[in-house]
Amino acid sequence: MELSPKIARRRSGRKSGAAVIPALVCLALLAAIAGCGYRVSYNVRVIYADPLFSARALTNVDIAVLPFLTVNGPFSEGPLETGVMLKGLKSQRPDLRFVSHEKFEEVFPPRFNRRWIADFYGGLFRQEVLTVKNMDSLWVHVEQPYLLVYSLRDGAEIINVDQSFFKHVTVICEIWSRDGREVVWRASYKGVSDDSRMTDGELLSESVKALVRNIPPTAPEYGRENW
(Lines give C-alpha, C1' and ligand atoms only; values in the text may rest on other atoms or scores of the structure.)
Protein backbone atom coordinates (compact mmCIF):
# COMPACT_ATOMS: atom_id res chain seq x y z
CA MET A 1 0.00 0.00 0.00
CA GLU A 2 1.32 3.42 -0.95
CA LEU A 3 0.96 6.25 1.52
CA SER A 4 2.09 9.85 1.23
CA PRO A 5 5.62 10.69 2.44
CA LYS A 6 4.40 14.18 3.32
CA ILE A 7 6.99 16.04 5.34
CA ALA A 8 6.03 16.60 8.98
CA ARG A 9 5.13 20.14 10.02
CA ARG A 10 6.77 21.58 13.11
CA ARG A 11 6.59 24.97 14.76
CA SER A 12 9.63 26.77 16.04
CA GLY A 13 10.10 29.47 18.64
CA ARG A 14 12.60 31.22 16.39
CA LYS A 15 11.64 34.72 15.33
CA SER A 16 13.15 34.15 11.92
CA GLY A 17 14.60 31.36 9.84
CA ALA A 18 17.40 33.67 8.66
CA ALA A 19 19.82 32.30 11.25
CA VAL A 20 19.19 28.73 10.10
CA ILE A 21 19.30 28.89 6.31
CA PRO A 22 22.71 30.59 5.76
CA ALA A 23 24.45 27.95 7.88
CA LEU A 24 23.15 25.27 5.52
CA VAL A 25 23.56 27.20 2.29
CA CYS A 26 27.32 26.95 2.63
CA LEU A 27 27.08 23.15 2.41
CA ALA A 28 25.98 22.97 -1.18
CA LEU A 29 25.04 24.52 -4.48
CA LEU A 30 21.81 26.09 -5.65
CA ALA A 31 19.77 23.40 -7.39
CA ALA A 32 17.14 23.75 -10.13
CA ILE A 33 14.23 21.37 -10.59
CA ALA A 34 12.47 20.89 -13.93
CA GLY A 35 14.00 24.10 -15.23
CA CYS A 36 12.60 26.22 -12.38
CA GLY A 37 14.91 28.22 -10.14
CA TYR A 38 13.81 26.78 -6.81
CA ARG A 39 16.09 27.62 -3.90
CA VAL A 40 17.52 24.32 -2.66
CA SER A 41 20.75 23.82 -0.76
CA TYR A 42 22.06 20.32 -0.26
CA ASN A 43 24.96 18.15 0.72
CA VAL A 44 25.65 14.65 -0.65
CA ARG A 45 28.05 12.38 1.22
CA VAL A 46 29.20 8.91 0.18
CA ILE A 47 28.94 6.79 3.33
CA TYR A 48 30.21 3.48 1.99
CA ALA A 49 31.72 2.02 -1.16
CA ASP A 50 32.72 -1.65 -1.35
CA PRO A 51 36.44 -1.74 -2.21
CA LEU A 52 35.68 -4.53 -4.72
CA PHE A 53 32.92 -2.51 -6.39
CA SER A 54 34.16 -1.01 -9.64
CA ALA A 55 32.40 1.54 -11.82
CA ARG A 56 32.93 -0.92 -14.66
CA ALA A 57 30.44 -3.25 -12.95
CA LEU A 58 27.59 -0.88 -13.85
CA THR A 59 28.45 -0.75 -17.55
CA ASN A 60 25.72 -2.14 -19.81
CA VAL A 61 23.77 -3.86 -17.03
CA ASP A 62 20.20 -3.30 -15.85
CA ILE A 63 19.69 -1.43 -12.59
CA ALA A 64 16.22 -1.87 -11.10
CA VAL A 65 14.94 1.36 -9.54
CA LEU A 66 12.75 0.32 -6.61
CA PRO A 67 9.89 2.59 -5.46
CA PHE A 68 10.79 5.45 -3.15
CA LEU A 69 10.56 4.01 0.38
CA THR A 70 9.04 5.77 3.40
CA VAL A 71 8.01 4.79 6.91
CA ASN A 72 4.50 4.25 5.51
CA GLY A 73 5.68 2.01 2.67
CA PRO A 74 6.59 2.50 -1.01
CA PHE A 75 5.52 5.79 -2.58
CA SER A 76 5.03 6.48 -6.29
CA GLU A 77 3.15 9.70 -7.02
CA GLY A 78 3.85 13.09 -8.60
CA PRO A 79 7.60 13.66 -9.19
CA LEU A 80 8.25 10.24 -7.62
CA GLU A 81 5.85 8.38 -9.92
CA THR A 82 7.76 5.55 -11.58
CA GLY A 83 7.88 6.95 -15.12
CA VAL A 84 8.69 10.50 -13.99
CA MET A 85 11.35 9.28 -11.59
CA LEU A 86 13.00 7.11 -14.26
CA LYS A 87 13.02 9.98 -16.74
CA GLY A 88 14.73 12.22 -14.18
CA LEU A 89 17.35 9.58 -13.38
CA LYS A 90 18.11 8.94 -17.05
CA SER A 91 18.51 12.67 -17.69
CA GLN A 92 21.15 12.85 -14.96
CA ARG A 93 22.94 9.60 -15.81
CA PRO A 94 22.48 8.58 -19.46
CA ASP A 95 25.44 6.20 -19.03
CA LEU A 96 23.41 3.97 -16.68
CA ARG A 97 20.66 1.55 -17.73
CA PHE A 98 17.69 1.92 -15.40
CA VAL A 99 14.55 -0.23 -15.41
CA SER A 100 11.37 0.23 -13.37
CA HIS A 101 10.32 -1.62 -10.24
CA GLU A 102 7.49 -3.07 -12.36
CA LYS A 103 10.19 -4.84 -14.39
CA PHE A 104 11.72 -6.04 -11.14
CA GLU A 105 8.38 -7.41 -9.89
CA GLU A 106 6.93 -8.89 -13.10
CA VAL A 107 9.32 -11.86 -13.18
CA PHE A 108 7.99 -13.38 -9.96
CA PRO A 109 5.85 -16.44 -10.74
CA PRO A 110 2.03 -16.36 -10.36
CA ARG A 111 2.05 -18.40 -7.16
CA PHE A 112 4.76 -16.26 -5.56
CA ASN A 113 3.58 -14.71 -2.28
CA ARG A 114 3.42 -11.00 -3.16
CA ARG A 115 3.58 -10.18 0.53
CA TRP A 116 7.24 -11.18 0.41
CA ILE A 117 7.92 -8.27 -1.95
CA ALA A 118 6.35 -5.87 0.55
CA ASP A 119 8.43 -7.48 3.31
CA PHE A 120 11.52 -7.06 1.13
CA TYR A 121 10.83 -3.35 0.67
CA GLY A 122 10.18 -2.99 4.40
CA GLY A 123 13.45 -4.71 5.26
CA LEU A 124 15.34 -2.43 2.88
CA PHE A 125 13.79 0.66 4.45
CA ARG A 126 14.60 -0.48 7.98
CA GLN A 127 18.12 -1.47 6.85
CA GLU A 128 17.64 -5.01 8.17
CA VAL A 129 20.59 -6.28 6.17
CA LEU A 130 20.60 -9.89 7.41
CA THR A 131 16.84 -10.27 6.93
CA VAL A 132 17.04 -8.96 3.36
CA LYS A 133 20.13 -11.01 2.57
CA ASN A 134 18.45 -14.24 3.69
CA MET A 135 15.28 -13.88 1.60
CA ASP A 136 16.30 -16.77 -0.67
CA SER A 137 12.86 -17.31 -2.20
CA LEU A 138 12.88 -13.75 -3.51
CA TRP A 139 16.49 -13.31 -4.62
CA VAL A 140 16.39 -16.43 -6.79
CA HIS A 141 13.91 -14.65 -9.11
CA VAL A 142 15.72 -11.28 -9.35
CA GLU A 143 16.91 -10.66 -12.92
CA GLN A 144 18.66 -7.28 -12.61
CA PRO A 145 22.28 -7.39 -11.38
CA TYR A 146 21.79 -4.26 -9.26
CA LEU A 147 18.98 -2.61 -7.30
CA LEU A 148 18.80 1.14 -6.64
CA VAL A 149 17.06 1.92 -3.35
CA TYR A 150 15.98 5.35 -2.05
CA SER A 151 14.71 5.77 1.53
CA LEU A 152 13.35 8.86 3.29
CA ARG A 153 15.00 8.91 6.71
CA ASP A 154 13.82 12.28 8.01
CA GLY A 155 11.82 15.29 6.86
CA ALA A 156 10.17 18.32 8.40
CA GLU A 157 8.83 21.76 7.65
CA ILE A 158 9.80 24.27 10.32
CA ILE A 159 7.39 27.20 10.72
CA ASN A 160 8.70 30.19 12.67
CA VAL A 161 6.60 32.63 14.69
CA ASP A 162 6.81 35.21 11.89
CA GLN A 163 5.42 32.54 9.52
CA SER A 164 8.71 32.17 7.64
CA PHE A 165 9.63 28.54 7.13
CA PHE A 166 12.03 26.03 5.67
CA LYS A 167 11.84 22.36 4.74
CA HIS A 168 14.58 19.83 5.27
CA VAL A 169 14.95 16.19 4.28
CA THR A 170 17.44 13.37 4.70
CA VAL A 171 17.43 10.64 2.06
CA ILE A 172 19.62 7.52 1.85
CA CYS A 173 20.50 5.92 -1.48
CA GLU A 174 21.87 2.38 -1.76
CA ILE A 175 23.01 0.11 -4.57
CA TRP A 176 22.43 -3.56 -3.79
CA SER A 177 24.24 -6.32 -5.66
CA ARG A 178 22.08 -9.30 -6.63
CA ASP A 179 24.97 -11.75 -6.70
CA GLY A 180 26.40 -10.75 -3.34
CA ARG A 181 23.04 -9.82 -1.81
CA GLU A 182 24.73 -6.86 -0.19
CA VAL A 183 25.09 -3.09 -0.35
CA VAL A 184 28.02 -2.08 -2.55
CA TRP A 185 27.44 1.70 -2.42
CA ARG A 186 25.61 4.01 -0.02
CA ALA A 187 25.23 7.81 0.12
CA SER A 188 23.18 10.34 2.06
CA TYR A 189 21.47 13.53 0.95
CA LYS A 190 20.64 16.39 3.30
CA GLY A 191 18.60 19.11 1.64
CA VAL A 192 16.91 22.31 2.76
CA SER A 193 14.71 24.90 1.06
CA ASP A 194 12.99 28.10 2.19
CA ASP A 195 11.21 28.41 -1.16
CA SER A 196 7.42 28.47 -0.65
CA ARG A 197 6.87 27.39 -4.28
CA MET A 198 8.52 24.02 -3.73
CA THR A 199 6.37 21.03 -2.81
CA ASP A 200 7.50 18.12 -0.65
CA GLY A 201 7.61 15.87 -3.74
CA GLU A 202 9.81 18.30 -5.65
CA LEU A 203 12.29 18.51 -2.78
CA LEU A 204 12.42 14.71 -2.61
CA SER A 205 12.77 14.50 -6.39
CA GLU A 206 15.82 16.75 -6.20
CA SER A 207 17.37 14.36 -3.68
CA VAL A 208 16.86 11.45 -6.09
CA LYS A 209 18.65 13.25 -8.91
CA ALA A 210 21.45 14.67 -6.77
CA LEU A 211 22.26 11.24 -5.34
CA VAL A 212 22.33 9.47 -8.70
CA ARG A 213 24.79 12.06 -10.01
CA ASN A 214 27.23 10.86 -7.34
CA ILE A 215 27.19 7.19 -8.36
CA PRO A 216 30.64 6.35 -9.81
CA PRO A 217 30.81 6.93 -13.57
CA THR A 218 30.82 3.87 -15.77
CA ALA A 219 34.02 2.91 -17.56
CA PRO A 220 34.43 2.00 -21.24
CA GLU A 221 35.15 -1.58 -22.17
CA TYR A 222 38.70 -1.37 -23.45
CA GLY A 223 39.14 -2.81 -26.91
CA ARG A 224 35.60 -1.80 -27.97
CA GLU A 225 36.01 1.96 -28.22
CA ASN A 226 35.03 3.83 -31.38
CA TRP A 227 38.11 5.34 -32.94
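Among contacts in the chain (heavy atoms within 4.5 Å) between residues at least 6 apart in sequence, 72% join residues at least 24 apart. The structure is a predicted model, in which local features need pLDDT of at least 70 and side-chain atom pairs count only at pLDDT 80 or more, whereas totals for chains, interfaces and linings use all residues. Residues are numbered from 1 along each chain as its sequence is written, and side-chain values use heavy atoms, with hydrogens and water left out.

The chain contains seven helices and nine strands, taken as DSSP runs numbered from the N terminus (helices H or I, at least four residues; strands E, at least two). Of its 227 residues, 49% are buried, that is, under 20% relative accessible area with a 1.4 Å probe, protein chains only. In helix 4 (residues 115–125), the buried residues include Ile117, Phe120, Tyr121 and Phe125. This helix is followed by Gln127, which has a positive phi near 55°.

The largest nonpolar core comprises 36 residues; such a core is a set of buried Ala, Val, Leu, Ile, Met, Phe, Trp, Tyr and Cys residues joined through side-chain atoms within 4.5 Å. Leu89, Phe98, Leu148, Tyr150 and Tyr189 have the most contacts inside this core. Two or more residues each are given to it by strand 3 (62–65), helix 2, strand 7 (146–159), strand 8 (165–177), strand 9 (182–193) and helix 7. Helix 7 provides the largest share, six residues. A second, separate core of 21 residues includes Leu66, Phe104, Phe108 and Tyr121.

Leu89 lies in helix 2 and counts as buried because its relative accessibility is 0%. Beyond its neighbours within four places in sequence, Leu89 is in contact with Val65, Phe98, Leu148, Tyr150, Val208 and Val212. The C-alpha atoms of Leu89 and Val208 are 7.5 Å apart in space, although the two residues are 119 apart in sequence. Leu148, with residues up to four places away in sequence not counted, touches Leu89 and Phe98, and also Ile63, Ala64, Val65, Leu66, Cys173, Glu174, Ile175 and Ile215.

Helix 2 (residues 82–92) packs with helix 7 (residues 200–213) at an angle of about 35°, their axes being 9 Å apart; axes are lines fitted to C-alpha atoms over the stretch in contact, and angles run from 0 to 180 degrees between N-to-C directions. Met85, Gly88, Leu89 and Gln92 of helix 2 make the contact with Val208, Lys209, Val212 and Arg213 of helix 7.

How values were computed:
Buried means under 20% relative accessible area, exposed over 50%, partly exposed in between (1.4 Å probe, protein chains only).
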